[in-house]
Amino acid sequence: MSSVNSRHTPEVGDHLEALRDAVVEVAESSFFAFVDPCDAAHFAEIAEAVPSWLEAAVTFSGAFGGRLVCGLAEPLADELFASFLGLAPQGQPADVMLFDLVGELGNMICGSWLTRACQRRRFDLEHPEVVRTLPPLAPLDDVALRVAVNGQPLWIRLTFSEE
Amino acid sequence: MGEMASNERTGRPLNILIVDDSAMMRAMIKRVTSLCGVAIGQVFEAGNGREAIAVLERESVDALFTDINMPVMSGTELLRAIENDGRWSQLLRVIISTDGSAARRAEADDLHVSRYVEKPFRPEAVRDVLSELSTHA
């Protein structure tokens, strides 16, 4: 993992390993879920039948600033909701609770990654914004990470603000 | 889970205040406290620091679990307000936050925070903190 010690705008490519580690840590610790790497072809395959997506956007500032967006299949969000609260899978939770949970997922991934990336320096996270999107999924050419969580698709887009 | 631990100093269950802008995170922490084997009394909830102060003003709270990044009033601002108010000098303070940076931990030390739990955390982390707090409350 590389550290970023200057005020130059960081490169997304320097953060992929820390980002992947953060997703794995959050999935395993809080959701008892398994994360597998996913190439573009396999991701397209598992994303094809997704009926809807939820996206959590978290704006961060501190040693460097930017925005992390975490998108995941809504059926995966339903599954993570149940495992987070220790409930049996029970269909679709209310939007207000599901969006809260997806926001917290994005918040934890962003915070876990920033703790690795910023090392000693503090950072601040804004309250997550969560939206539902319907297929077709926007092109993912610019995403930093594509993974399968419990066999379902999750992607992360990371952008840094100009210093 | 093991036998119920007692609050060794007062002999009564711990009253807890959970402060987080995520209702789901509050629910998760509350659930862990109910399963942790420590005698818990009332569990209060607040969505930000300002709401937390309102709870502290009217309820008897032994331990505070707070997030840092929250709208309206952050966890750091809340802890600073508690530090500056003599009424809550005995309150046990725990941070549960995604920010595990050394700078933030040093800031927590200055605000007399007893324990620092990083999100994401395993339920055992909160259980261990509560077990320790119950012997110091």
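**Exercise 1. Work out which helix gives the largest share of the lining of the second largest pocket, and describe that lining.**

*Solution.* Start with the helix: α2 of chain A, residues 40-47, supplies four residues, the largest share of this lining. Keep in mind that we're working with a predicted model.

Now sort by class. You get ten nonpolar residues, no polar ones and two charged ones.

**Exercise 2. Describe the contact between chain A and chain B, starting with how many residues each chain puts in.**

*Solution.* Count first: chain A brings 27 residues and chain B brings 25.

Then the area. About 2100 Å² is buried between the two chains, with carbon and sulfur atoms giving 56% of that. On the chain A side, Phe84(A), Leu85(A) and Arg122(A) lose the most area, together 23% of what that side buries.

Now go polar. The interface has twelve residue pairs in polar contact. Chain A's side is made up of ten nonpolar, nine polar and eight charged residues, and α4(A) is its top contributor, with nine residues.

**Exercise 3. Find out how many salt bridges cross the interface of chain A and chain B, and look at one of them.**

*Solution.* There are three. One of the salt bridges joins the side chains of Arg104(B) and Asp124(A), at 2.9 Å from N to O.

Terms used. Residues numbered from 1 in each chain as written. Chains lettered and ligands numbered in written order. Predicted model: local features only at pLDDT ≥ 70, side-chain atom pairs only at ≥ 80, totals over all residues. Heavy atoms only, no water. Contact = heavy atoms within 4.5 Å. Buried area = accessible area lost by both parts, 1.4 Å probe. Salt bridge = Lys/Arg side-chain N within 4 Å of Asp/Glu carboxyl O. Polar contact = N/O pair within 3.5 Å; in protein donor to acceptor, adjacent residues only side chain to side chain. Helix = DSSP H or I, 4+ residues; strand = E, 2+ residues; numbered from the N terminus. Nonpolar A, V, L, I, M, F, W, Y, C, P; charged D, E, K, R; others polar.
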